[in-house]
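The structure is shown first, and the description follows.

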Amino acid sequence: MKILSVAAALAALAISVSAHAADKPELRIGSVVAMTGPASALGLPEKNALELLQEQLANDTSLPFTVKFITYDDGSDPTKAVNNVRKLITEDRAHVVICCTTTPTSMAILETVTQAKVPNVSLALGQSVIEPVKERHWIFKTPSTDQLQVTGLVDDMVKRGIKKVAFLGLEDSFGEGGWIAMQSVAKAKGVEIVASERFSRTDTNFTPQALKVRQSNPGAVYIHAIPPSSALVHQALKRVGYSGPIYHSGGSANNAFISIGKQDVEGALLGTTPVLVYKDLPDSNPLKPVITKFAALYEKRFNVPKVDIFPGQSWDAGNITLKAAEEAVKAGVKLDDLDASRAALRDKIEGVKNFVGVGGIFNYSPTDHLGLDHRSTFISVVKNGEFRLYESK
Amino acid sequence: MSDTILFLLVDGLTNGLVYALLALSLVLVFTVTRVVNIAQGEYVMLGALTLADLLQGRMPGTLYLLIGGLALCAILDVGRWRRDWRQASLYTGGLIVAGIVALALTRGALALHLPVIGMMVVALILVAPLGALIYRFTVHPIPNATTIVFVIISVGVSMSVQGLGLLIWGANPYPVDPIAAGGLMMGPVFIPYQSFAILVTALLAMGGLYLFSEFTLVGKALQASAMNRLGAQFCGIPVNATGALAFLLAAAFSAISGMLLAPLITANYEMGFMVGLKGFVGGAMGGLIDYPLSLVGVMIVGGLESTSAYVASAYRDVLVFSLLIPILLWRNTRSRVEAR
C-alpha cells in the first residue's frame, strides 16, 4: 500500500515537473525590510526600490527565468524578522533572502538562514553581519561599512599631513562601530587618537566635549554620529574656536545635517557612498551612468526630489541576485531543485566580479562578502549648503 | 583654561535654568496632586515640536491631540446626560467651543506669520490644556490611589505620549528659530542670545508663579490644596479643579522650557524624557515639595552635567543620576531630625 502511494506521488511529481518544463522556471526572491518602526526611514525606500525592480522586470523577457518577489515587513523588530524569514524559506520556498534593514535584525536571522542553507543579502551597515566570513558562509551585504569609509577619511588626513585626530561619537552601537573602526584604521595608518569623547542623541549641551577636544589640540576631528547631534557637535566645535578640518561619518550625509547646521557646517567633510555625489563624478567613472539611470527611474516613479543611499542598497542586492541566478541557470542549474539551486546561487553570488551597482563596484570573493573597496567610497564636502564631491589633494 | 571654565559655567547655568522650569512643574504637580509625574518631560517635546510646526507654517499635530482629547472628555462625560442634561450640555458645548477656538487661533497665527514670541504663545495655548486633559484621563478617575500607582500611570503616559509624538512628527529632528539669532562675545566666550532669553523667561515664569500663588484667590486655593487636600475640600475648594490647574500650569512651564531649548538642540520626539529626568533629580533635592531647594538642586545638576561631560564624557549621565543617592541620604537624615 505504502509503496503504491509513494509511486503515485512520484508519478504526480514527474507530471508536474514535465508540465512546468515547457515554461521558464521561477526564481523566488524573498525580502524582509523594516517598513514600519524606528528604521522605516531606511526600510521604506528599500522596499520601493525592490518594487521598482519588479516593475522593470515585468517587461523584460531576456532572463532565462521568471522572477517572483515576496516582501514582508519586520517592523524593525528582530523577532519578527526571524519569523518572516522562516516563512520565506519554508512556506514561500524562496531561493534567496534579502534581509534585513538594520544590523540587529540582520544579526538575528544569521542562524536561521545558515541552518536552512539559504543565501542571504543583508542591507545592514554593520560589518559583524558578514565577518568572520568563515562563519558567515551564506551571508553577503551591499551597504558600505564604517571601516571602509573611515579608511577613506583617514587616508585624506594622512595626505594633508595630519598626525593627530580626535574622535567624537554617539554612545550607542552606532558610535561604538565608528570607534572600533577608527581605532584599527588609525593604528594601521600611523595616526594618533588624542581624544575620544562621547555624547548621546538626547543631550542638551555638547560644548564640554568640544572644549575637551580643543584642549587635546588635534589636527583633525572625526564625528561619528547622526543629525541632529552630529550637526550640533560641529556647531559646538566652531563655538569654542576650533578651526581645523572636521570629518563626519556617512550617517550625517543627509539634508537634516545641513538644515540644522546651516552655515556652521560649511566645509564639513563626509565619508559617503557614490549616490550622494554622482553628479560631480567624471564621465569616465563607470558608476556614473548606472547611478544616473537608477536615480532617474526612482525619482520619477516615487516622485522624490533626490534619491538617497537606501534604495540603492536593495536595488543592488536584487540585481546581484539576478545576475547570479542568470549565470547559475546558464550553467545548467535547475531552479526547481530548491536545495541545489540555493547552494549554486550562493556560489554564483560569491563569484560576482566587477559588478557596477549603485552603491559601488562589487567584487565578492570567499574572503570578502562586502565586495566593495576604495573605488566605492568618496568624500563629500558641504559647499553653499549642498553636498559636493571633494577632490583629495 | 579660564575660558574653558567660563564656557562650562555659562552652559551649566543655561541648562540648569531649563531643568529649573521642569523641577518647578514637578514640585507643583506633586504638592497639589501627590503625583510624581515621570511624564513631565513629554510636554517639553510637545512644546518644542508645536513651535517647530508653527514656525514652518504647518498645522501643528498637537491640535489633533487637543481636539481628540476634548472629544474623549465629552465621551467620558456621557453618563451625566441622564442625570443632569443642562450641566452636561453646557460642559459639552464648552468643550466644542474650546476646540473651535484652538483651531481658529492656530489658523489665524499661521495666516498672520507671527514672530517667534507670538508663535510661542500660541504653542503654549495649544500644549498647556493637554496637561489638564491628561489629568482628567489618568488622575481624576482614581483620586485616592497611592503614590506608586500614579508613578506607574505616569510612566505609561510618558510612553504613550512619546509614541504619539513619533507617530505625528516622525523620527526626524526639526530645526527651530531662536527668539533672537546671533550672540554676544563676552571675553573669550560666545554666548548665544537664546541663553539670555532662557534666563529672562525662566525668571519671569518663576516670578509669575510666585505672584500667582501668593496674591490671587485661585493661587491661594492651589496652595491650600497643596498643604492639606482634605482640609481644602472641607473649606469648599474644588480639589479636582485645582489638580487640573496644577497639571495645566506644569504643562505650560515644561512647554516653555522645551520652546527655549529647541533652538539650541532642535526639536525631536525623544528630547523630553531625559530633560524631565534631570529636572526630577534637581527636584529631589527639595523632596519635590520645596521650590528654593529644588532650584539649588537643578543648578547643581546643570553644573555637574557640564563639568562631568568635560572631564569624562562617557560617564556624564551616570554621574548626574548617581547624584540622587547622596541627595536621598541627605534628605533622609534631615527628615529624621525634623521628626525628632
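**Helix packing in chain B**

The model is predicted. In chain B, helix H1(B) meets helix H11(B) through B:Val18, B:Leu21, B:Leu22, B:Leu24, B:Ser25, B:Leu28, B:Val29, B:Val32 and B:Thr33. On the side of H11(B), the residues involved are B:Thr242, B:Gly243, B:Ala246, B:Phe247, B:Leu249, B:Ala250, B:Phe253, B:Ser254, B:Ile256, B:Ser257, B:Leu260 and B:Leu261. By class, the residues of this contact of H1(B) with H11(B) are 15 nonpolar, six polar and no charged. The axes of the two helices cross at roughly 170° and come within 9 Å, which makes H1(B) roughly antiparallel to H11(B).

H11(B) also packs against helix H6 (residues 116-138) of chain B, at an angle of about 140° and with the axes 7 Å apart. H6(B) and H11(B) are therefore oblique to each other, and their crossing is right-handed. Among the residues that make the contact are B:Met120, B:Leu124 and B:Tyr135 of H6(B) and B:Phe247, B:Ile256 and B:Met259 of H11(B). The residues of the contact of H6(B) with H11(B) comprise 19 nonpolar, two polar and one charged.

**The interface between the chains**

Between the two chains, 24 residues of chain B are in contact with 22 residues of chain A. On the side of chain B that touches chain A, helix H1 (2-33), helix H11 (239-265), helix H12 (272-285) and helix H13 (291-311) of chain B each supply at least two residues. H1(B) provides the largest share, six residues. Divided by class, this side of chain B has 15 nonpolar, seven polar and two charged residues.

**The five-stranded sheet of chain A**

Chain A has an open sheet of five strands in the order S2-S1-S3-S4-S5, with parallel pairing. Strand S2 (66-73) and strand S5 (139-141) of chain A are the edge strands, each pairing on one side only. On average, neighbouring strands of this sheet are turned by 20° against each other, direction ignored.

| Strand pair | Bridges |
|---|---|
| S1(A) and S3(A) | four bridges |
| S3(A) and S4(A) | two bridges |
| S4(A) and S5(A) | three bridges |

Individual partners can be followed across these pairs. A:Val32 stands opposite A:Cys99 in S3(A), A:Val97 stands opposite A:Asn120 in S4(A), and the bridge partner of A:Asn120 in S5(A) is A:Ile139.

In a regular strand the side chains alternate between the two faces of the sheet. Strand S3 (residues 96-99) of chain A is covered on both faces, with A:Val96 and A:Ile98 buried on one side and A:Val97 and A:Cys99 buried on the other.

**The seven-stranded sheet of chain A**

An open sheet of seven strands in chain A has the order S7-S6-S8-S9-S10-S13-S14 and mixed pairing. Strand S7 (192-199) and strand S14 (386-389) of chain A stand at the edges with a single partner strand each, so one side of each has no neighbour in the sheet. The bridge partner of A:Val221 in S9(A) is A:Ile246.

Helix H6 (residues 146-159) of chain A packs on this sheet and touches S6, S8, S9, S10 and S13 of chain A, its direction making about 140° with that of S10(A). Helix H7 (residues 173-189) of chain A lies across S6, S7 and S8 of chain A and runs at about 160° to S6(A).

**Backbone exceptions in chain A**

Most residues other than glycine have a negative phi, and most peptide bonds are trans. The peptide bond from A:Cys99 to A:Cys100 is cis, with omega near 10°, and A:Cys100 is found in the loop between S3 and helix H4 (103-108) of chain A.

A:Asn354 has a positive phi near 50° and lies in the loop between helix H13 (338-350) and strand S11 (355-356) of chain A. With 9 other C-beta atoms within 10 Å, A:Asn354 is exposed.

Methods
Residues are numbered from 1 along each chain as its sequence is written. Chains are lettered from A and ligands numbered from 1 in the order in which they are written. This is a predicted model: local features need pLDDT of at least 70, side-chain atom pairs count only at pLDDT 80 or more; totals for chains, interfaces and linings use all residues. Two residues are in contact if their C-beta atoms, placed from the backbone, lie within 7 Å. Ala, Val, Leu, Ile, Met, Phe, Trp, Tyr, Cys and Pro count as nonpolar, Asp, Glu, Lys and Arg as charged, and the others, Gly among them, as polar. Axes are lines fitted to C-alpha atoms, for helices over the stretch in contact, and angles run from 0 to 180 degrees between N-to-C directions. Angles under 35 degrees count as roughly parallel, over 145 as roughly antiparallel, 65 to 115 as roughly perpendicular and the rest as oblique. A crossing is left-handed if the near helix is turned anticlockwise from the far one by less than a right angle, and right-handed if clockwise. A residue is buried if 20 or more other C-beta atoms lie within 10 Å of its own, exposed if 12 or fewer, and partly exposed in between; C-beta atoms are placed from the backbone. Two strands pair if DSSP finds at least two bridges between them.
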